[in-house]
Amino acid sequence: MPITPTEKIWMDGELVDWADAKVHVLTHTMHYGSGVFEGIRAYGTANGVAVFRLREHIERLLDSAKVFLIDVPFTLDQLIEATREVVRVNGMNDGCYLRPLVYLGYGEMGLNPLPCPVNVSIAAWPWGSYLGDDGVANGVSVKVSSWRRHDANAVPTAAKGTGMYVNSSLAKVEALKAGYDEAILLSPDGRVSECTGENVFVVRRGKVITPHSSDSGALEGITQDSVETIAADLGFPVVHEPLIRTDLYTADEAFLTGTAAEVVPIRSVDDRPVGDGKPGPITKEIQRTYFATVRGEVDRYKDWLDYVE
Ligand code: PPE
């Protein structure tokens, strides 16, 4: 997905011109993948631009840092305000994608990260549907990857660590080269974990099922959580259950969720059409409600929006 430059990037408390937001080639995180990050979206609403579940995303960023013993030199409130500031100064009134990154900078090399400087950046740019408008409307094809998701005792799957994404990239490239849109990874014990950057849901006999994140080695998604609430409020039973590959093949409906991807129907898994190969009615209802929610059109979820004045 190409990036459209905006004006300013927040770096360690300063607003820096987009073109000057650079780091040294010996930045620690470039070599060892030692950073943590977030993906957040802001949306244009009738009452101005609003960041969706901003506090939860910054909390997860700080939790990720804690897991990696990274001492972030900014508080939760400072990072929330900085994120709002990036939306404001770049005039992102129609919404944007936001990428806060905590990285270990220049000054030390070697596998002990503890002496490294800790840097923080927050960038914003307009980003369309991550898996394409056609995917949002008609569903995506997915392949169960030959790459396994991480063992939670090999790397901390509950954290959003930059280096952990080599696993996602390998799976994504494999899926794309094989002609699919996206990959689903299984955990080391063969349970459905998640997609490369999204959580997975299936619908079976009216029940909405998603794997329990910590059991399956998946990231605990904020969109996943929003969708669980929305689905339950729409009257569908929502459960956390372990899933295996064939549960995907025999599901009535399936979809994936993520900040970048939003809510995207799964059209087929390993060439087996999901249901009749078209987005199912429950998926469509959840998707419609999610898009209305992020745009501030659903009163019940208005607390999820952080308006940027
Ligand atoms: N699993 C993974 C591995 C993941 O990276 C994400 C977010 C999710 C699940 C969904 O989490 P949430 O956004 O809180 O619902 N992926 C971010 C980065 C995507 C990327 O490709 O880069 C995102 O969606 O912003």
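**Contacts, domains and aromatic pairs in the predicted model**

Leaving aside neighbours within four places in sequence, Gly35 is in contact with Thr29, Val102, Tyr103, Lys160, Gly161 and Thr162. The structure described here is a predicted model. Gly35 is placed in the loop between helix 1 (28–32) and strand 3 (36–37), and at 0% relative accessibility it counts as buried. The C-alpha atoms of Gly35 and Gly179 are separated by 31 Å, the two residues being 144 residues apart along the chain.

The protein is divided into domain 1 (8–125) and domain 2 (133–294). Taken over C-alpha atoms, the centres of domain 1 and domain 2 are separated by 26 Å. Contact between the domains involves 22 residues of domain 1 and 20 residues of domain 2. The size of an interface is often given as the accessible area lost when the parts come together. Between domain 1 and domain 2 the buried area is about 1700 Å², and carbon and sulfur atoms give 63% of it. Of the area that domain 1 buries against domain 2, 34% is supplied by Phe37, Phe52 and Arg60, more than by any other three residues.

For Leu248, with neighbours within four places in sequence left aside, the contacts are Val144, Ile184, Val192, Val200, Val202, Val269 and Val274.

A pair of aromatic rings is described by the distance of the centres and the angle of the planes. A search of the whole structure finds 11 aromatic pairs. One of these is the tilted pair of Trp127 and Tyr130, with 5.1 Å centre to centre and 40° between the planes. Trp127 is buried, with a relative accessible area of 15%, whereas Tyr130 is partly exposed, with a relative accessible area of 34%. Phe201 and Phe255 form a stacked pair, with 4.8 Å centre to centre and 5° between the planes. Since Phe201 lies in strand 11 (residues 199–204) and Phe255 in strand 14 (residues 253–258), this pair ties together parts that are 54 residues apart in sequence. Phe201 is buried, with a relative accessible area of 0%, and for Phe255, likewise buried, the value is 0%. Ring pairs also link Phe52, Tyr290, Phe291, Tyr301 and Trp304 into a cluster. A charged side chain and a ring are brought together elsewhere: Arg272 lies over the face of Tyr249, at 4.1 Å from the ring centre.

Thr157 is found in the loop between strand 8 (140–148) and helix 5 (165–177), and it is buried, with a relative accessible area of 8%. Not counting residues up to four places away in sequence, Thr157 touches His150, Asp151, Ala152, Met164, Gly217, Ala218 and Leu219. Leu219 is in turn located in the loop between helix 6 (213–216) and helix 7 (222–233) and, at 10% relative accessibility, counts as buried. With neighbours within four places in sequence left aside, the contacts of Leu219 include Arg60, Thr157, Lys160, Tyr165, Glu194 and Asn199. The C-alpha atoms of Leu219 and Asn199, 20 residues apart along the chain, are separated by 7.5 Å.

The backbone was also examined. Most residues other than glycine have a negative phi. In Arg53, a residue other than glycine, phi is positive, near 50°. Arg53 occupies the loop between strand 5 (48–52) and helix 2 (54–67) and, at 7% relative accessibility, counts as buried. Arg205, which is not a glycine, also has a positive phi, of about 50°. Arg205 is found in the loop between strand 11 and strand 12 (207–210), and at 69% relative accessibility it counts as exposed.

Methods: Residues numbered from 1 in each chain as written. Predicted model: local features only at pLDDT ≥ 70, side-chain atom pairs only at ≥ 80, totals over all residues. Heavy atoms only, no water. Phe/Tyr/Trp six-rings, centres within 6.5 Å; stacked < 30°, edge-to-face > 60°. Buried < 20%, exposed > 50% of the residue type's maximum accessible area, 1.4 Å probe, protein only. Helix = DSSP H or I, 4+ residues; strand = E, 2+ residues; numbered from the N terminus. Lys NZ or Arg CZ within 6 Å of the ring centre and 35° of its normal. Contact = heavy atoms within 4.5 Å. Domains from an automatic or database assignment. Buried area = accessible area lost by both parts, 1.4 Å probe.
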